[in-house]
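Work through the exercises below with the sequence and the 3D structure at hand, and try each task before reading its solution.

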Amino acid sequence: MNFFKKIFSSEKKETLDKGLEQTKTSFFSKLSKAVAGKAKVDDEVLDNLEEVLVSSDVGVNTTLKIIERIEERVARDKYLGTDELNKILREEIASLLSETNSGEASEFEIPANKKPYVIMVVGVNGVGKTTTIGKLAYQFKKSGYKVVLGAADTFRAAAIDQLQVWADRVGVPIVRQQMGSDPASVAFDTLQSAVSQDADVVIIDTAGRLHNKVNLMNELTKVKRVMQKVVEDAPHDVLLVLDGSTGQNAFEQAKQFTAATEVSCLAVTKLDGTAKGGVVIGISDQFQIPVKYIGIGEGIEDLQVFNKYEFVDSFFK
Ligand SMILES: Nc1nc2c(ncn2[C@@H]2O[C@H](COP(=O)(O)OP(=O)(O)OP(=O)(O)O)[C@@H](O)[C@H]2O)c(=O)[nH]1
Ligand SMILES: [Mg+2]
């Protein structure tokens with residue numbers, strides 16, 4: 001058993017390494033320019049490093065924290081060589097992240113005492129909500145859970161069909177109504193169906209776009225309230241999906257969404273094919289809400305439970 005676990009996690013690591021390739025290439029080419037011709041870490045190197053981190057979408061606040069830590073080390077060791085900068089950066093980022101939000105899982109698991117466990121997925125349009133739901137359903141099913149999907153994004157007909165495609169691909173039931181029907185009513189039906197089937201996990205898709213933001217937030221509140229008529233403490237998770245390839249924009253979305261509605265965890269998608277993967281470091285440092293999943297491709301297997309140590313390790317490899 002352990003043997004297989006090992007194989008799986010090394011595979012997981014390889015996929016992560018590959019997914020972060022563009023981010024790393026970009027980061028390290030900037031980093032090597034920042035230290036070019038310099039033997040030790042001095043003020044100029046630190047200034048350049050600050051620029052590298054900010055331009056890699058780590059975010060200003062997190063960058064300042066990292067620079068401060070490196071300054072402290074330089075103060076202790078005046079002759080700190082630039083050849084060590086890589087190692088030190090990795091250590092300081094890992095230690096910075098270990099101080100922030102905990103509660104990290106390593107596998108696709110749900111708490112055993114909540115049945116069905118209800119996950120409501122939110123986020124603006126196009127960030128990868130439906131895809132993430134499909135990938136999550138696949139992983140939960142693989143872990144032995146009975147999954148039901150709810151198509152509460154009734155704003156577009158294509159949205160319902162897209163979730164249907166994922167449900168068929170994974171082989172899990174979906175509860176749907178016509179386009180334009182009340183999302184809260186779909187969510188209600190989904191929970192009732194899940195309870196009657198004795199399902200373990202319910203994942204509810206929601207619309208990212210409505211006539212305006214206030215409408216959207218009101219609707220999400222209504223969906224929650226109606227779900228509670230079936231499962232008293234639902235939703236157990238409100239998962240906010242963010243598109244990592246938008247860099248600082250993802251950061252802004254996280255700010256706005258968490259201010260407007262309760263969010264319990266985050267998923268950052270599309271980290272493959274972007275040089276902006278550093279945004280995950282900033283997001284996990286700056287938000288009290290943990291990053292739970294990362295998306296590193298369009299395929300069914302391309303979702304991972306986020307582990308900050310593995311992430312930093314892949315980043316600096
Ligand atoms: N490369 C890559 N593409 C992704 C990832 N996650 C999602 N996508 C793609 O992003 C696009 C949008 O994904 P959706 O799942 O439809 O996004 P959504 O948030 O449901 O969008 P709306 O329903 O329009 O609000 C699709 O083409 C997905 O294949 C990822 O991790 N990597
Ligand atoms: Mg969708």
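**Exercise 1.** How many nonpolar, polar and charged residues does the lining of the largest pocket have?

*Solution.* The model is predicted, with local features needing pLDDT of at least 70 and side-chain atom pairs pLDDT 80 or more, while totals for chains, interfaces and linings use all residues. Residues are numbered from 1 along each chain as its sequence is written, and side-chain values use heavy atoms, without hydrogens and water.

Step 1: on a 1 Å grid over the protein atoms alone, a pocket is an open set of points with protein on both sides within 12 Å along at least five of seven lines, and lining residues have an atom within 4 Å of a point.

Step 2: the largest pocket holds about 410 Å³ of space, and among its 24 lining residues Gly126, Val127, Gly128, Lys129 and Thr131 are the closest to its centre.

Step 3: sorted by class, this lining has four nonpolar, 12 polar and eight charged residues, where Gly counts as polar.

**Exercise 2.** Which residues line the largest cavity?

*Solution.* Step 1: a cavity is a set of grid points where a 1.4 Å probe fits but cannot get out.

Step 2: the largest cavity, with a volume of about 60 Å³, is lined by Glu109, Ile110, Tyr117, Ile119, Leu136, Phe140, Asp237, Leu239, Cys265, Lys292 and Tyr293.

Step 3: by class, the lining of the largest cavity has eight nonpolar, no polar and three charged residues.

**Exercise 3.** Is valine 54 buried, partly exposed or exposed?

*Solution.* Buried means under 20% relative accessible area and exposed over 50%, with partly exposed in between (1.4 Å probe, protein chains only); because its relative accessible area is 36%, valine 54 is partly exposed.

Terms used:
Chains are lettered from A and ligands numbered from 1 in the order in which they are written. Grid points are joined across faces, edges and corners, and a volume is the space filled by probe spheres set on the points.
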